[in-house]
Amino acid sequence: MTCLFEPSITIVLPTYNSARTLKLCLKSIHDQNYPKDKMKVLIVDGGSLDDTLEICKRFRVYKVVKNPLVAEEAGKPIAIKMADTDLILFIDSDNVLNTREWISKMVQPFTDEQIVASEPLYYHYRRSDGLLTRYVSLLGADDALDPYIGGYDRFCYLRNKWAEQPMTVEDKGEYLKIVLSSQSLPPMGANGYMVRRQAMNQIIYTPLHIHTDTIYRLVKSGYNCMAKVKIGIVHLHSNNVTTFIRKKIRRIQKYYLWKKHREYYPPRNTAGLQNFFFQAIFLLPIVMDVMRAYKRIPDRAWLFHIPACYLTLLAYSVGILQYLTSRFVRKILGTT
């Protein structure tokens with residue numbers, strides 16, 4: 001595929017002990033049919049102790065910089081400040097670009113000057129991937145709760161749509177042109193999110209780059225037109241259930257830890273939460289959901305949705321309990 005429109009791109013790639021997936025990620029970037037002199041891969045590493053940095057040396061990496069705070073949300077602002085290209089592309093170390101034309105397709109919406117950002121519509125589904133990765137790809141999210149509260153960030157085959165939030169959508173053939181409202185935003189901004197650098201320079205993205213807040217600040221600043229490109233991106237997920245649970249616990253811990261830095265919270269979907277708890281209690285509605293989804297795409301990975309619902313409840317309960325316990329201890333000790 002020949003791309004006539006070829007803006008320069010800084011690829012921001014946070015890492016921390018990412019050796020398990022990083023080689024596949026960097027190879028998929030290296031194999032792109034996009035001018036190499038128009039791409040810079042900027043690694044922001046949180047002090048990896050595995051082979052992460054050795055893997056970086058094997059590929060065309062523009063620069064590796066240190067992220068003293070480890071978390072990717074703290075590392076991304078470092079890279080954004082360093083970027084001097086037309087566009088910034090956020091790729092996670094567990095992402096794989098599934099076609100050589102991936103970047104060429106992602107930049108095309110930017111020929112429309114109204115569009116400030118683009119993002120893949122799907123998590124690319126591959127039968128060769130592990131069960132948990134296939135489950136996440138089909139669910140369009142990495143959390144079993146998301147389909148019930150409208151929190152999935154890609155096309156969800158359980159719900160057979162990609163978003164529930166109100167917005168204006170125009171089908172442009174290769175992508176959907178969407179106009180967002182700051183009152184209710186769909187989850188966007190990670191796993192292959194591409195944005196104009198000029199627009200990022202107009203908003204606050206420090207000390208933490210939390211992607212939902214970034215979208216909110218862009219929209220509030222008048223950059224409310226974005227694109228969902230009709231391609232996918234691979235999101236290599238946990239390779240075992242233990243890691244799956246730990247990710248959920250870390251998520252709820254981050255929620256409380258970074259609450260003071262947050263500006264946007266999705267409107268509380270009380271009905272969705274009640275529906276989720278109802279289905280979990282009676283089980284049969286979840287089984288029916290799985291059966292309907294299996295008819296759309298037959299894959300035994302759907303069966304994991306049943307234990308995933310209960311594992312998610314367990315993980316969030318543990319995370320909340322840990323937070324409340326630590327807050328109680330700090331209060332007793334007189335610390336903040």
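This is a predicted model: local features need pLDDT of at least 70, side-chain atom pairs count only at pLDDT 80 or more; totals for chains, interfaces and linings use all residues.
**Notes on the helix packing, a pocket and some backbone details**

1. Let's start with α10 and α12, which pack at an angle of about 120° with their axes 10 Å apart. If you want to find the meeting place on screen, look for F276, F277, Q279 and A280 on the α10 side, and C309, Y310 and L313 on the α12 side. Sorted by class, that contact has 6 nonpolar residues and 1 polar one, with no charged residues.

2. Next, follow α10 to another partner. Helix α10 covers residues 270-282 and helix α11 covers 284-296; their axes come within 5 Å and cross at roughly 100°. With angles of 65 to 115 degrees counted as roughly perpendicular, α10 and α11 are therefore roughly perpendicular to each other. Here F278, Q279, A280 and F282 of α10 touch L284, P285, I286 and D289 of α11. The class count for this contact is 6 nonpolar, 1 polar and 1 charged. Notice that Q279 and A280 of α10 turn up here and also in the contact with α12.

3. Now for α12 again, this time with α9. How do the axes of α9 and α12 cross? Helix α9 (residues 241-257) and helix α12 (residues 305-333) have axes that come within 8 Å and cross at roughly 45°. The two are therefore oblique to each other, and the crossing of α9 and α12 is right-handed. From α9, the contact takes in V241, F244, I245, K248, I249, R251, I252, Q253 and Y256. From α12, the residues are A308, L311, T312, A315, Y316, V318, G319, I320, Q322 and Y323. By class, that makes 13 nonpolar, 4 polar and 2 charged residues in the contact of α9 with α12.

4. Setting aside neighbours within four places in sequence, I306 is in contact with L283, I286, V287 and V290. I286 is also one of the α11 residues that meet α10. I306 and A144 are 162 residues apart in sequence, yet their C-alpha atoms are 8.8 Å apart in space.

5. Moving to another part of the chain, what lines the second largest pocket? The lining is made up of L26, I29, H30, K36, D37, M39, K40, V41, F59, R60, V61 and Y62. Both α1 (19-30) and β2 (39-45) supply at least two residues each to this lining. In class terms, the lining of this pocket has 7 nonpolar, 1 polar and 4 charged residues. The space in the second largest pocket is about 180 Å³.

6. Finally, a couple of backbone details to check by eye. Most residues other than glycine have a negative phi, and most peptide bonds are trans. Against that background, V70 has a phi near 70°, a positive value in a residue other than glycine. You'll find V70 in the loop between β3 (63-66) and α3 (72-82). Then there is the bond joining T206 and P207, which is a cis peptide bond with omega about 0°. P207 sits in the loop between α7 (197-200) and α8 (211-220).

Methods. Residues are numbered from 1 along each chain as its sequence is written. Side-chain values use heavy atoms; hydrogens and water are left out. On a 1 Å grid over the protein atoms alone, a cavity is a set of points where a 1.4 Å probe fits but cannot get out, and a pocket is an open set with protein on both sides within 12 Å along at least five of seven lines; lining residues have an atom within 4 Å of a point. Grid points are joined across faces, edges and corners, and a volume is the space filled by probe spheres set on the points. Helices (H or I, at least four residues) and strands (E, at least two) are DSSP runs, numbered from the N terminus. Ala, Val, Leu, Ile, Met, Phe, Trp, Tyr, Cys and Pro count as nonpolar, Asp, Glu, Lys and Arg as charged, and the others, Gly among them, as polar. Axes are lines fitted to C-alpha atoms, for helices over the stretch in contact, and angles run from 0 to 180 degrees between N-to-C directions. Angles under 35 degrees count as roughly parallel, over 145 as roughly antiparallel, 65 to 115 as roughly perpendicular and the rest as oblique. Contact means heavy atoms within 4.5 Å. A crossing is left-handed if the near helix is turned anticlockwise from the far one by less than a right angle, and right-handed if clockwise.
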